[in-house]
Amino acid sequence: MQTLLLPFPKQRLDVPLDDIIRLEGARNYTKVTLTDGNEIIVSKTLKALEPFLSVHFIRIHRSYVINTRHLIKKGPTGFLYMSDGVRLKPSRRKKKEIKKALESIAPSPQNTNYYRYEQSPQPIPKLLRW
């Protein structure tokens with residue numbers, strides 16, 4: 001099992017990559033959201049942590065990196081719904097990159113939350129499309 005080593009002042013914490021839902025950057029800090037509901041704040045940037053993540057992590061925004069194994073669905077308006085109930089809006093510039101990454105993900109038997117696209121039951125007004 002792959003882990004991410006998170007630095008703390010007097011210790012280091014090994015977190016399994018499968019337990020990470022998303023990473024949220026805020027200047028020189030990163031908030032790591034875990035499946036058990038805990039949030040860990042470390043004094044590293046997203047850019048510094050990204051090389052240590054697996055291929056199942058994609059950057060959807062300047063401030064967000066998500067674990068695609070915890071992606072529940074992509075809504076018709078482009079929002080990404082995560083397993084913890086959070087809705088994230090990817091940046092417009094990353095839209096094509098995200099679509100390509102999500103198409104390349106192969107479903108695995110372990111991943112019960114495999115990405116699925118839901119069609120909207122009603123047409124979306126032109127003002128809301130992006």
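How many bridges join strand S3 to strand S4? Six, with S3 covering residues 20-26, S4 covering residues 29-34, and the two running antiparallel. Strands here are DSSP runs of E, at least two residues long and numbered from the N terminus, and two of them pair if DSSP finds at least two bridges between them.

Before going on, keep in mind that this is a predicted model: local features need pLDDT of at least 70, side-chain atom pairs count only at pLDDT 80 or more, and totals for chains, interfaces and linings use all residues. Residues are numbered from 1 along each chain as its sequence is written, and side-chain values use heavy atoms, leaving out hydrogens and water.

Now zoom out: S3 and S4 belong to an open, antiparallel sheet of five strands, ordered S5-S4-S3-S7-S6. At its edges sit S5 (39-42) and S6 (57-61), each pairing on one side only.

Next, the charged side chains. The structure holds five salt bridges, meaning a side-chain nitrogen of Lys or Arg within 4 Å of a carboxyl oxygen of Asp or Glu. One of them joins Asp-84 to Arg-22, with the closest N and O atoms 2.7 Å apart. Asp-84 lies in the loop between S9 (80-82) and S10 (87-88) and Arg-22 in S3, so the pair ties together parts 62 residues apart in sequence. Arg-22 is buried at 6% relative accessible area, while Asp-84 is partly exposed at 32% (buried is under 20%, exposed over 50%, partly exposed in between, using a 1.4 Å probe and protein chains only).

How values were computed. Helices (H or I, at least four residues) and strands (E, at least two) are DSSP runs, numbered from the N terminus.
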